[in-house]
Amino acid sequence: VEAVHLIADGKAPRVSQPKEGATYEGIQKKENAEISWDQPAAALHNWIRGHDKVPGAWATIDGQVVTFYGSSLLDASVPAGQELAIKGASRPGLVTKNGLVIFGNDGKMVLVRNLQFEDGKMIPASKYFSADETTALELTEEEKKMAEDIR
């Protein structure tokens, strides 16, 4: 009660919070989340993980900004996959059945599970080269009838 009265009367002491030990980081902006490729795999993983979901760590692939989500360190032999050139990376990534494998400057690997394009479309990284393929939806007779009833 005394503290409330001091505040109401404008007589409460004001103590500035010291900067030392402060943990607040300002709001991250997308333009500051570009991946710097000259780092070990653990640093790449931490950068991607640290920016997951907002604002999202990104790189330029085929001339467009692609955001990386869901990274994990990969401690195995180099998997088979299709090479993917990433701007600034010293070594191309590999699109594998499990996702996109990227390499740190120490030769170790990071697996990225999801990619998001500038238009907002998110895909599993393993489907990067098949992202443009579309499959036609085939309805059964029962589903066609249901669709008509809904219309």
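Ground rules: the model is predicted, so I took local features only at pLDDT of at least 70 and side-chain atom pairs only at pLDDT 80 or more, while totals for chains, interfaces and linings use all residues. Residues count from 1 along each chain as its sequence is written, and side-chain values use heavy atoms, with hydrogens and water left out.

**Strands.** I looked up β1 (residues 57–61) and β2 (residues 64–74) and found them antiparallel over 5 bridges. Helices (H or I, at least four residues) and strands (E, at least two) are DSSP runs numbered from the N terminus, and pairing takes at least two DSSP bridges. T60 sits opposite V65 in β2. In the hairpin, with 2 residues between the strands, D62 has a positive phi near 50°. β2 also runs antiparallel to β6 (residues 109–116), with 7 bridges; there L74 has M109 as its bridge partner.

**Helix α2.** Which residues of α2 (residues 41–50) are buried? I get A41, L44, H45 and I48, where buried means under 20% relative accessible area, exposed over 50% and partly exposed in between (1.4 Å probe, protein chains only).

**Charges over rings.** K53 lies over the face of Y69, 4.3 Å from the ring centre. R91 has its charged end over F103, 3.7 Å from the ring centre. The rule wants NZ of Lys or CZ of Arg within 6 Å of the centre and within 35 degrees of the ring normal.
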